[in-house]
Amino acid sequence: MVEADDAALSSAKADGTGGRRGGVPDRPEWEGRPVGRRVVFGVVGLGTLGVVGGAAVQRFLAGVAQHDPTGLTNLLPLGDEWRFYTVTGGVPKADPNTYRLSVTGLVDRPQRYSLADLAGLPQTDLVRDFQCVTGWRVPKVPWSGVRLRDMLALAGVQSSAKALRFVSFDGTYTESLTLDQAQNPDMLVATRMLNGPVTHDHGGPVRLYAAPMYGYKSIKWLSEIQVVDRVQPGYWENFGYDVDAWVGKSNGRSGDVPTS
Amino acid sequence: MSRRAEDGGGRAQDDGAAASSARSRDVQTVQAVQLQDAQETRGVRDSKAVRDSRIERFTRAERYVHRVTATLMLTLIVTGAVLYLPSLSVRIGHRPTIALIHLYSGWGLPIPMAAGLFSRAYRADVRRLGRHSETDRTWLKKRAWRSERAHELALPVGKFNAGQKLNAAFQCGAILVMAGTGTLMWFPHLVGVSMRTGATFVHDWLALAIGFVLIGHIWFAVNDRQARVGMRTGWVTRRWAEQEHRGWAAELAADAGDEAVDRAARDEAGAREVGGAVH
């Protein structure tokens with residue numbers, strides 16, 4: 001470092017951009033205290049400290065924010081909030097009157113549900129955390145909808161079937177589950193979340209809520225459930241995320257507390 | 001010029017018939033006054049020309065480093081905002097593409113600064129930016145970033161003032177930290193959850209800090225046209241340098257003076273040699 005500095009100094013002198021010939025001490029600007037270097041090291045050091053201890057600080061601040069009557073903390077990047085991931089440019093809004101959810105593929109009775117049809121099926125309420133694979137987690141989100149396994153039972157899954165393929169009406173987003181995973185009682189075809197209909201930004205009118213898995217499995221803007229003979233990795237899995245996305249047991253995130 | 005004017009005056013006196021001598025004296029006076037005016041005007045014009053003369057502040061390498069860094073930084077801010085702010089995420093979408101642009105712009109950000117080290121002038125400026133003199137300490141203590149304070153104090157500020165130095169050092173460190181934490185965030189298997197959460201925490205907060213510092217940087221640039229011209233063209237007026245970076249202007253003047261002394265010394269030595277040959 002010192003060598004490099006000296007080299008810079010002498011070379012700068014040589015080309016006449018600074019450095020007075022022979023007389024180094026009369027250049028206060030060149031010879032002052034190395035504050036710049038200290039600032040750089042200081043920022044890097046603080047950054048490293050933040051990486052190591054940031055999780056604890058984040059938890060503390062999130063706790064403060066929950067008891068903040070002023071709402072000022074909403075302006076700060078505290079995490080524990082929804083971040084909206086959209087994989088296409090703008091998703092068409094579904095008309096609640098014409099929206100249909102189909103169950104197709106290796107089934108005895110293909111289905112086509114309107115929102116009213118879905119509302120007529122047995123409803124399940126869950127309050128579970130939503131954990132994103134990138135680290136943010138929204139605690140205690142209320143969800144309501146129809147259990148995936150109930151819908152599969154209604155359609156009559158054939159014996160050759162092994163997996164499910166979910167399709168989004170955004171035209172790009174797909175997801176997958178094995179039939180075994182789909183039997184988990186916390187896999188919900190959600191029509192309500194946060195005590196209201198699922199909003200468009202949250203993937204409404206109907207989305208999947210795969211409670212025990214990372215958020216990317218909970219496909220948004222769900223339009224079709226295909227029963228298929230093998231697992232076809234979904235959209236995010238093609239970007240390197242695990243197909244079996246159990247919270248705390250996949251994607252190298254062993255420290256996450258399971259969500260269900 | 002002055003001799004010609006005197007000659008004219010002299011001729012007028014020589015021609016001096018009694019009737020015209022008074023008038024010719026008037027003419028002489030007028031000429032003398034005109035001469036004086038002309039000399040004064042020229043003198044003012046000369047020093048004005050000197051002060052309006054341009055001096056080089058940034059070489060091409062330095063300007064390109066700044067330009068590429070600024071472009072990448074703006075790209076990062078725009079794509080980062082789309083990734084982070086829900087309202088923008090929803091409107092723009094295309095998350096994977098935006099994330100990829102953000103990622104490569106981020107990794108690219110330290111490259112122009114590193115490449116700049118191949119330039120001597122850039123290395124010299126890096127050294128100037130890194131060192132704080134007594135002037136810089138006073139500049140900070142007396143809050144000389146307010147222009148009226150700066151004019152009052154008339155500190156011999158060097159090529160960069162203390163604010164510019166701190167800005168450069170902070171952004172340099174911040175860019176490194178952002179690149180590091182961004183990399184940790186991108187590869188899910190690199191570190192454990194706690195460190196990943198920490199990296200996200202640092203990335204979010206530092207982005208906010210960088211934003212504020214950048215707003216300050218742009219604010220000062222918006223309020224100083226010559227500073228912008230300097231970064232755009234590389235050249236500034238001497239007048240501006242003497243006002244805003246008095247120490248630097250004096251340094252350049254001293255260097256120019258040194259060169260003149262050297263040249264005079266060389267000429268003298270040459271003349272002595274020539275003289276010796278004649279003897």
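**View 1. Helix α5 of chain B and its buried face.** Helix α5(B) covers residues 95–108, and its 14 residues reach 20 Å from the first C-alpha to the last, close to the 20 Å expected at 1.5 Å a residue. The model shown in this and the other views is predicted. The residues B:Ile98, B:His102 and B:Gly106 of this helix are buried. Seen down the axis of α5(B), the buried residues fall within an arc of 70°, so they line one face of the helix. Among the elements that cover these buried residues are α3 (60–84), α4 (86–92) and α10 (162–186) of chain B.

View 2. Chain B contains 14 helices and two strands. It has 279 residues, of which 27% count as buried. Of the contacts in chain B with a separation of 6 or more, 63% are between residues 24 or more positions apart.

**View 3. The largest nonpolar core.** This core has 40 residues, and those that touch the most other members are A:Leu188, A:Val189, A:Ala190, A:Leu208 and A:Leu222. At least two core residues come from each of β1 (101–105), β4 (137–147), α5 (148–155), β5 (163–168), β7 (187–193), β9 (207–210) and β10 (222–228) of chain A. Strand β7(A) gives the most, with five residues. A second, separate core has 28 residues, including B:Leu72, B:Leu76, B:Tyr122 and B:Ile210.

**View 4. Surroundings of A:Leu188.** Neighbours within four places in sequence are left aside here. The contacts of A:Leu188 are then A:Thr124, A:Leu126, A:Trp143, A:Gly145, A:Arg147, A:Leu148, A:Tyr209 and A:Ala211.

**View 5. Strands β7 and β9 of chain A.** The two strands run antiparallel and are joined by four bridges. In β9(A), A:Leu208 is the bridge partner of A:Val189. From β9(A), A:Arg207 and A:Tyr209 point one way, while A:Leu208 and A:Ala210 point the other way. These four residues are all buried.

**View 6. A:Pro142 in strand β4 of chain A.** Strand β4 of chain A includes A:Pro142. This residue counts as partly exposed because it has 13 C-beta neighbours inside 10 Å; a residue with 12 or fewer would be exposed, and one with 20 or more would be buried. Apart from neighbours within four places in sequence, A:Pro142 is in contact with A:Asp125, A:Val127, A:Met193, A:Leu194 and A:Asn195. A:Phe130 is 12 residues from A:Pro142 in sequence, and the C-alpha to C-alpha separation of the pair is 10.0 Å.

View 7. Chain A has six helices and 10 strands, and 37% of its 260 residues count as buried. Of the contacts in chain A between residues at least 6 apart in sequence, 60% join residues at least 24 apart. Between the chains, 58 residues of chain A are in contact with 60 residues of chain B. On the chain A side, the elements that give two or more residues are α1 (2–14), α2 (28–31) and α3 (35–66). The largest share, 17 residues, comes from α3(A). By class, this side has 23 nonpolar, 23 polar and 12 charged residues.

Definitions and conventions: Residues numbered from 1 in each chain as written. Chains lettered and ligands numbered in written order. Predicted model: local features only at pLDDT ≥ 70, side-chain atom pairs only at ≥ 80, totals over all residues. Contact = placed C-beta atoms within 7 Å. Nonpolar A, V, L, I, M, F, W, Y, C, P; charged D, E, K, R; others polar. Core = buried A, V, L, I, M, F, W, Y, C linked by C-beta atoms within 7 Å. Pairing = 2+ DSSP bridges. Expected span 1.5 Å × (residues − 1). Arc of directions from axis to C-beta.
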